[in-house]
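Biologist: I've got this model open on my screen. Can you walk me through the labels you use for it?

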Amino acid sequence: MAEKTAMGMLVDYDYCTGCHSCEVSCKERFDLEEDEWGIKLADNGPWRYSETDWEWNHVPIPAEHCDFCKDRIAAGKKALCEQHCQALVITVGPLDELAKKMTKKKMVLFNETNDEPRKKAVY
């Protein structure tokens with residue numbers, strides 16, 4: 001039996017603009033309701049740390065319906081969140097390859113933690 005490849009999502013949130021394209025593409029893929037998510041953009045901030053300087057981070061987080069677009073990746077395509085990310089900060093793929101790309105302070109690596117069935121994509 002072939003060993004299962006652990007999947008993950010690497011986010012370089014230093015450059016995420018908070019555009020929500022990842023959320024919209026995933027909601028359309030799964031035909032999700034208003035309170036359902038495949039990926040959810042979290043805001044950290046804004047935080048003022050001097051008279052003129054602020055920090056405001058946007059962090060896309062895979063949520064309950066995220067399946068890392070395994071069907072798309074198996075077909076040689078990108079995950080929809082990665083494809084539609086206007087700032088090019090999301091990468092989805094094998095966990096071991098993504099771990100090697102973690103080179104900056106403001107990056108986060110999400111991993112697949114279980115095999116629970118996800119909602120079926122509508123296309």
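Modeller: Buried means under 20% relative accessible area, and exposed means over 50%. This is a predicted model, by the way. By that cut-off, buried residues make up 38% of the 123 residues in the protein.

Biologist: Why is Cys19 called partly exposed?

Modeller: Cys19 comes out at 37% relative accessibility.

Biologist: What makes a set of residues a nonpolar core?

Modeller: The members have to be buried residues from a list that includes Val, Ile, Met, Phe and Cys, joined through side-chain atoms within 4.5 Å. The largest one here has 23 residues, and Met9, Val11 and Phe68 are among those with the most contacts inside it. Strands E1, E2 and E4 and helices H1 and H3 each supply at least two residues of this core.

Biologist: Which residues does Val11 touch, leaving out those up to four places away in sequence?

Modeller: Pro60, Val89, Ile90, Lys106, Met107, Val108 and Phe110.

Biologist: How many helices and strands does the protein have?

Modeller: Four helices and five strands, running β-α-β-β-α-α-β-α-β along the sequence. Of the contacts between residues at least 6 apart in sequence, 66% join residues at least 24 apart.

Note on methods. Residues are numbered from 1 along each chain as its sequence is written. This is a predicted model: local features need pLDDT of at least 70, side-chain atom pairs count only at pLDDT 80 or more; totals for chains, interfaces and linings use all residues. Side-chain values use heavy atoms; hydrogens and water are left out. Buried means under 20% relative accessible area, exposed over 50%, partly exposed in between (1.4 Å probe, protein chains only). Contact means heavy atoms within 4.5 Å.
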